Each structure stands twice: as structure tokens, then as C-alpha cells.
Amino acid sequence: MVRASEHSLADLTDLFDRLSDPTRMQMVLLLAKGASNVTSLCDELHLGKTLAGQHLGVVRMNRLVVGTKKGKEVIY
């Protein structure tokens with residue numbers, strides 16, 4: 001059996017904690033299917049832009065998604 005270091009276990013625990021929110025998990029799963037902008041995510045998840053931005057901030061800070069600026073919008 002492979003034993004994980006305490007550091008990697010802490011990292012995994014943090015990752016699963018971030019994904020424990022159903023909205024964030026849905027967001028990550030949607031983005032795994034293909035790139036999207038905030039407006040499309042809001043429509044798909046029935047969220048306001050402020051709330052969507054807060055969830056995107058959490059998943060971005062944890063390097064679960066990456067945003068690329070395209071003109072005036074960001075594609076995740």
C-alpha cells in the first residue's frame with residue numbers, strides 16, 4: 001500500500017473541502033466538459049454574477065480552473 005505524506009493528505013483534504021460545495025462541484029464539472037464564460041455559467045447554474053464570481057474565485061485560487069482573457073470577457 002502506498003502511504004501519502006502528511007503534506008499531501010492536507011492538500012487533498014483542502015481540495016475536497018473546496019469541492020464539497022455543490023455549486024462549486026457543478027461548476028467544475030461543467031467546465032470539465034468545455035470552456036465557458038461567466039454569463040454562460042450563470043445561466044447554466046441559475047446563479048447571479050456576484051455569487052458565480054465568488055465560487056469561481058475559490059476554484060481559481062485552488063488552481064482547479066484557469067481563466068483566459070478574450071477581449072472583454074474571461075473564458076474558463
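**Core and helix packing**

Tutor: This is a predicted model, and of the 13 residues in its largest nonpolar core, Met27, Leu31, Leu56, Val59 and Val65 touch the most other members.

Student: Which helices each supply at least two residues of this core?

Tutor: Those are α2 (22-33), α3 (38-45) and α4, each of which supplies at least two core residues.

Student: And what does Leu56 touch, not counting residues up to four places away in sequence?

Tutor: With those set aside, Leu56 touches Met27, Leu31, Val38, Leu41, Val65 and Tyr76.

Student: How do α2 and α4 pack, and at what angle?

Tutor: Their axes lie 10 Å apart and the angle is about 75°; since angles from 65 to 115 degrees count as roughly perpendicular, α2 and α4 are therefore roughly perpendicular to each other.

Student: Which residues meet there?

Tutor: From α2, Thr23, Arg24, Met27, Val28 and Leu31 meet Ala52, His55, Leu56, Val58 and Val59 of α4.

Student: About His55, is that buried or exposed?

Tutor: His55, which sits in helix α4 (residues 49-61), is buried, because its relative accessible area is 8% and buried means under 20%.

Student: What is His55 in contact with, leaving aside neighbours within four places in sequence?

Tutor: His55 is in contact with Asp21, Thr23, Arg24 and Met27, and a polar contact of 3.4 Å joins the side chains of His55 and Arg24.

Student: Changing topic, where is confidence lowest and where highest?

Tutor: The protein chain averages a pLDDT of 90, with confidence lowest in helix α1 (residues 6-19), at a mean of 84, and highest in α3, at 96.

Key
Residues numbered from 1 in each chain as written. Predicted model: local features only at pLDDT ≥ 70, side-chain atom pairs only at ≥ 80, totals over all residues. Heavy atoms only, no water. Helix = DSSP H or I, 4+ residues; strand = E, 2+ residues; numbered from the N terminus. Buried < 20%, exposed > 50% of the residue type's maximum accessible area, 1.4 Å probe, protein only. Polar contact = N/O pair within 3.5 Å; in protein donor to acceptor, adjacent residues only side chain to side chain. Contact = heavy atoms within 4.5 Å. Core = buried A, V, L, I, M, F, W, Y, C linked by side-chain atoms within 4.5 Å. pLDDT = per-residue confidence, 0-100. Axes fitted to C-alpha atoms, helices over the stretch in contact; angles between N-to-C directions. Parallel < 35°, antiparallel > 145°, perpendicular 65-115°, else oblique.
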